[in-house]
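Hi,

Here is the structure I said I'd pass on.

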Amino acid sequence: MPKSLITCDCMGSMQLDTEGLKQSTGLEVSKPCQTLCTTQIDRAVKALEEGDAIICCTQQSQVFEALAEEIGQPDAPLLDLRDRAGWSEDTASKLPKMSALAAEALLPASPAKTRDVISEGLCLITGPAETTLAVAEQLQDYLSVTVLLDHAKDVPDTAKFDVVVGRLRRASGALGQFEVAIDALQMPNPGGRGPSLSDPRDGGKSMCDILLDLTGGTPLFPAPEKREGYLRADPAHPPSISAAILAASHMVGTFEKPLYVRAEPLLCAHSRAEQTGCTNCLDLCPTGAISPAGDHVSIDPMACAGCGACSAACPSGAISYDAPPVDLTMRRVQTLAKAFLDAGGTAPRLMVSDAHGAEMVRLSARHGRGLPADVIPMEVPALNLFGHAEAVAALAAGFASVTLLPGPATDRQALATQIALAAAIGGAGSVTLLDTTDPDAMSDTLYAEAAPAPVASPIRPMGTRRQITRQAARALNPDADILQLPDNAPYGAVEINTDSCTLCLSCVSLCPSGALGDNPDLPQLRFQEDACLQCGLCAHVCPEDAITYKPQLDLTDAALSQRVVNEEEPFACIQCGSLFGVKSTIEKITEKLESHSMFQRPDALKMIQMCDNCRVDAQFHAQNNPFEGKERPKVRTTEDYLSKRRDH
């Protein structure tokens, strides 16, 4: 663990309270440098050699990385106190904010999970002949190129690269493992006078590592910019073609593909008994990396772009973001709030952004007003991973408000859904969207914001996202029993139409979370609201359409235990008196069948009112017993055989 902070006031352009930082962080903080990256670089050398310090400068990260390599030491962790806190027009003390940022930097980093992707440089180029052939000429020295042409007349007389003719029907996969299907495929013949091709055939399949699409038409994949190894360029735009050529030429070798999400198939509420329930992740995935796989969904890690929307929207936790893990994001939020408040700050505000927003913060600090002293910036890999659970956890930890700053890659519709849900739990104005690309407008909005009062008694709950949401909601709404939520929220109750429900209990057998249960001794339907995912399965399988949903969050202890939502009197067997079935159901069936030709005999109709054991016994002893077979042949004895012999 780091033991000290190496600070720099960047030529006296900001104020640093080193003594206050020392007391609030518990680290050794010496007098700040003025030019740590140049004339005072010996301080950085000492910190690298001792290996127990955080260097508070990120602008000159390349200098410190080169320095570490030169002296044979591992890189030191870096912390940006200047752009995120020091350079600000706000005259209030920056000590609480700097203390919070330092405390966050001390959190242990989660090891990245990756998978090796090998690209041998097999490149398929498709598009108009005049463009693809010229591109192939430039890439032939770097990649193993195959050009797919539309017409045989365009096949060139060259052996520098491969050429085939056909129509690209579909493509799947990602860098290093593309699979393509080609119709009307014609392959070049190796001999003969001039270029000759084989007869066309449909359904040809091939593999490639890189797919260069120069058709200029509809992309082969959803969200094509997020599909690694798939490059597109407008054939009429030479600069974009040049950029694609440069990118393709570097896609050879072994690459590390991050594994962004972790899946728990047993928790998935996608489907049961071929009935579809939750489709949140399928509806949100921009790359099509998630697909149905029976009762759960399957995730293609090679196609996943790590946007995080599936993790925020999953009601059961079957999919959770893992780069970094959800629990680390929660700890970051809670650490920032606690450190700010412990250092004497009041009513902090959290601003969450991706790398694009972090760059806006830097631009605002260097050329504008910077951030207010009470606004703490938090950078995440993808903004969509920061859902309602993380937002209400931040409010419960002591933040007065949470502002989300989207970048170009953010799915705004998915983010708006999470903001609406978080605002319903945390209160109006507590979670807002700041959708701007202007650093000055961002700063002006934050300076003008009137944030609501923070929670009086901050808490830092632990557990799953659902458990954290519930605990945070109780802290934020101490006087409320039930919170009304937007439609399609992952929390709520099921409402049973008792006039329609026959207590068939098909909903119980298919409920993925156990929210619906039965009583083995009595005809009852029980419900535990805290466990309900509002996935839709029970409503879909109910043969009587007796189930509807009510999105809400019950904060009382009643939501943690099962309650009876429908029950009826059991029916007593007319033969032995044992209880079985539902009285109303047995009576209704008896009434409907008494006029049927097969039940005109009194004994036949009474069997409906018997339990299983008595019904079998009655059938066995009844006339025309269905269990009765033909008369069995008599057992033959020795005397029977001897009696037929002539010598006896």
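**What I found**

The protein chain exposes about 32,500 Å², and carbon and sulfur atoms supply 51% of that. Keep in mind that this is a predicted model.

On the overall build: the secondary structure of the protein chain comes to 21 helices and 30 strands. Its radius of gyration is 35 Å, well over the 26 Å that the globule rule gives for 648 residues, so the chain is more spread out than a compact globule. Along the principal axes, the C-alpha atoms fill a box of roughly 125 × 90 × 55 Å. Buried residues account for 46% of the 648 residues. If you take contacts between residues at least 6 apart in sequence, 64% of them join residues at least 24 apart.

For charges, there are 54 positive and 82 negative side chains in the protein chain, and the centres of the two sets lie 6 Å apart.

I also looked at two residues in detail:

- Alanine 129 sits in helix α6, which covers residues 129-139. Its relative accessibility is 13%, so it counts as buried, the cut-off being under 20%. Beyond neighbours within four places in sequence, alanine 129 is in contact with Leu149 and Asp154. Its C-alpha atom is 44 Å from that of isoleucine 319, 190 residues apart along the chain.
- Serine 401 belongs to strand β21 (residues 401-405). At 0% relative accessibility, serine 401 is buried too. Leaving out residues up to four places away in sequence, serine 401 touches Pro348, Arg349, Leu350, Leu395, Gly429, Ser430, Glu449, Ala451 and Pro452.

Cheers

Note on methods: Residues are numbered from 1 along each chain as its sequence is written. This is a predicted model: local features need pLDDT of at least 70, side-chain atom pairs count only at pLDDT 80 or more; totals for chains, interfaces and linings use all residues. Side-chain values use heavy atoms; hydrogens and water are left out. Helices (H or I, at least four residues) and strands (E, at least two) are DSSP runs, numbered from the N terminus. Buried means under 20% relative accessible area, exposed over 50%, partly exposed in between (1.4 Å probe, protein chains only). Contact means heavy atoms within 4.5 Å. The radius of gyration is taken over C-alpha atoms; the globule rule is 2.2 Å times the number of residues to the power 0.38. Accessible areas come from the Shrake-Rupley method with a 1.4 Å probe; for residues, only the protein chains shown count as cover. Lys and Arg count as positive and Asp and Glu as negative; His and the chain ends are not counted. The place of a charge is taken as NZ of Lys, CZ of Arg, CG of Asp or CD of Glu.
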